[in-house]
Amino acid sequence: MCGIIGYVGHQQVQNLLLDGLHRLEYRGYDSAGIAVLEGGQISLTKKAGRVQELGHAVAEAPLQGHIGIGHTRWATHGEVNDTNSHPHFGGDGEICLVHNGVIENYSTLRKKLRERGFEFVTTTDSEVVAHLLAYEYRQGLEQGGRVGSQQLCVDALQATLIQLKGTYGLAVLYRDCPDTMYVARVGSPLVIGIGDHENFVASDASPLAVHTEEVVYLSDNEIAILTPDDVQIIHRDSGAVDLKIQVLDQSAGDSELGDFPHYMLKEIYEQPQSIENAMRGRFDEDEATAVFGGLNMTAKELRKVDRIVLTACGTSWHAGLVGEYLLEEFARIPTEVEYASELRYRNPPMSENTMIFSITQSGETADTLAAMRECKRKGHPTLAICNVVGSTIAREADGGIYLHAGPEIGVASTKAFTSQVTVLTLLSLFFGRMRHLSYPAGKRIIRHLRDIPAQVEETLKCHEMVKYVCEKYARYNNFLYLGRLYNFPVALEGALKLKEISYIHAEGYPAAEMKHGPIALVDEVTPSVFVVPKCGIYPKVISNLEEVKARKGPVIAIACKGDEKIAELADDVIYVPDVEEYLQPLVTSIPLQLLSYHIALHRGCNVDRPRNLAKSVTVE
Ligand code: F6R
């Protein structure tokens, strides 16, 4: 949430910052702003609305300079307007900063600063940091510090940071420092890009990939000092830190839209490839199992695992639910799926050999990170199933499995879900083969998995039918999504997709639970989306479907090709390939993604930037 970009070097900074903000916009799009330092003066332009609005504003009054910071906001404190947009000035303009995170003690600090004569123009928590830094800088000057000296600036920043409670990623300009930018983090991600006589900072790597391949991931409690020719990092407790330069695993083109009208559609269409990538190099045909390079645990340790907890939020939580079914069926390990936002404050009993997997696309979700840290504190092995390489969760986990799905830019998660489910299938094969699963059974799973990318490709052919169905149903305001067993999480995920990008009320339920309450909602204007591919309890799901039809509820069925009977029962049918029951989420989720996409388009919604949401939820 919120995107930060900063640059110091030889290029004119305005357009570079704007381009960076466009690439970061998926992290928040309530407002945007940039500040540029030139000739001892910091100039600033900020606007409520999209980065595009900011672009229009600076086109009329360009900002000149070679050092600058930018921000795209997802509002936490203070309404969305021009004034509350970042960057924020501190003091009488000697400080200018952008902030991603939440300062929990902002009101106490603001009161103190007001008493000291600082005037606040915004209602944000971030302006408090700017004024506090100005105060500490002035204190340093009074105590004999040299104007604009690095020592003074670092000391003032340190003195400020120790007073903050909460989370922050900060990029700071001091009016007295014409070629130095200071950045700091606790809890909110920052990546430094190392260039040739230029250096960058950003909330994630997406805006850096166009400029450099070399990055350094900043850790909590570190401050970085960036000049055109140097990057230094200092840890709050341990002093200077060696730069661990890593090579980016993404290229600039990975985040381009190409010929697609929206990222969401592009990412839906990438799924045959992203699923393939999640499996690449992870089969051991001789042993009929899966292999993972990064679990960092011995076979002996892994065999001791007697319980698995999968923790995640949102779509990743839904993938976890599929994982629970898979792990219990194939590995016979008792598995639970926990909302990370609950687990972080709960204290469930966990045996010594409970293993925790945090499932996360971004690797930055605040609740998932906190739940993982809590479990780690208690001594459990904590592993991550994560997409973004170098993200905080990926780095802090004891080990993990990357999805290799490539950047997911659309705010509604699509390809990450199917990649997570793929990895969880591999994981159940892996644990299964360490325990009860036979060699032929392992071989069979591998064979089925190898067929999946082509079957997902085949599934995408339902697109035209989905469009037709959307024409019919886009005007309805309530939907039910129903499925059983492996397709229950798919129903939840379908409902979430519709809610988040179409703003239509939708409920996901296990189909048989209907009659315990939700069936009361069924009427002629409440369509039910039944996920009903062939499975062991197919006739039972059909009975549930008939119950809805008997109450005049319109039914859209997601069914297996060749299922003639369903066409007689449902109002509309979207067919998907007939795959093994445990792999059905990988195909049945796809028409539901397309359904929400087209309904959102029909209703004129912004599919890639739905209201009130942002990718990467780095606040609690
Ligand atoms: C829904 C969606 C969210 C995320 C959730 C967790 O489409 O994208 O529900 O799944 O915020 O995010 P990650 O997976 O990045 O931890």
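**Briefing: a domain interface and selected local geometry**

H404 lies in the loop between β22 (399-402) and α13; helices (H or I, at least four residues) and strands (E, at least two) are DSSP runs numbered from the N terminus. The model is predicted, so local features need pLDDT of at least 70 and side-chain atom pairs count only at pLDDT 80 or more, while totals for chains, interfaces and linings use all residues. Residues are numbered from 1 along each chain as its sequence is written, and side-chain values use heavy atoms, with hydrogens and water left out.

- Most residues other than glycine have a negative phi, and most peptide bonds are trans.
- H404 is not a glycine, yet has a positive phi of about 55°.
- With 37% relative accessibility, H404 counts as partly exposed (buried is under 20% relative accessible area, exposed over 50%, partly exposed in between; 1.4 Å probe, protein chains only).
- K552, in the loop between α17 (538-550) and β26 (555-560), also has a positive phi, near 65°.
- K552 is exposed, because its relative accessible area is 56%.
- The peptide bond from H86 to P87 is cis, with omega near 0°, and P87 sits in the loop between β4 (67-73) and β5 (88-90).

**Domain 2 and domain 3**

- The protein chain is divided into domain 1 (3-99 + 169-255), domain 2 (263-437) and domain 3 (462-602), with bounds from an automatic or database domain assignment.
- The C-alpha centres of domain 2 and domain 3 are 27 Å apart.
- Contact (heavy atoms within 4.5 Å) links 24 residues of domain 2 with 21 residues of domain 3.
- About 1900 Å² is buried between domain 2 and domain 3, 75% of it from carbon and sulfur atoms; buried area is the accessible area (1.4 Å probe) that two parts lose on being put together, summed over both.
- In domain 2, M264, H318 and Y325 lose the most area to domain 3, together 25% of what that side buries.
- α9 gives the largest share of the side of domain 2 that touches domain 3, 10 residues.

**T160**

- T160 is in helix α5 (residues 150-161) and counts as buried because its relative accessibility is 0%.
- The T160 side chain reaches the backbone oxygen of A156 at 2.8 Å.
- Leaving aside residues up to four places away in sequence, T160 touches V129, L132, L133 and E136.

Technical notes:
A polar contact is a pair of N or O atoms within 3.5 Å; within protein, one must be able to donate a hydrogen and the other to accept it, and residues adjacent in sequence count only if both atoms are side-chain atoms.
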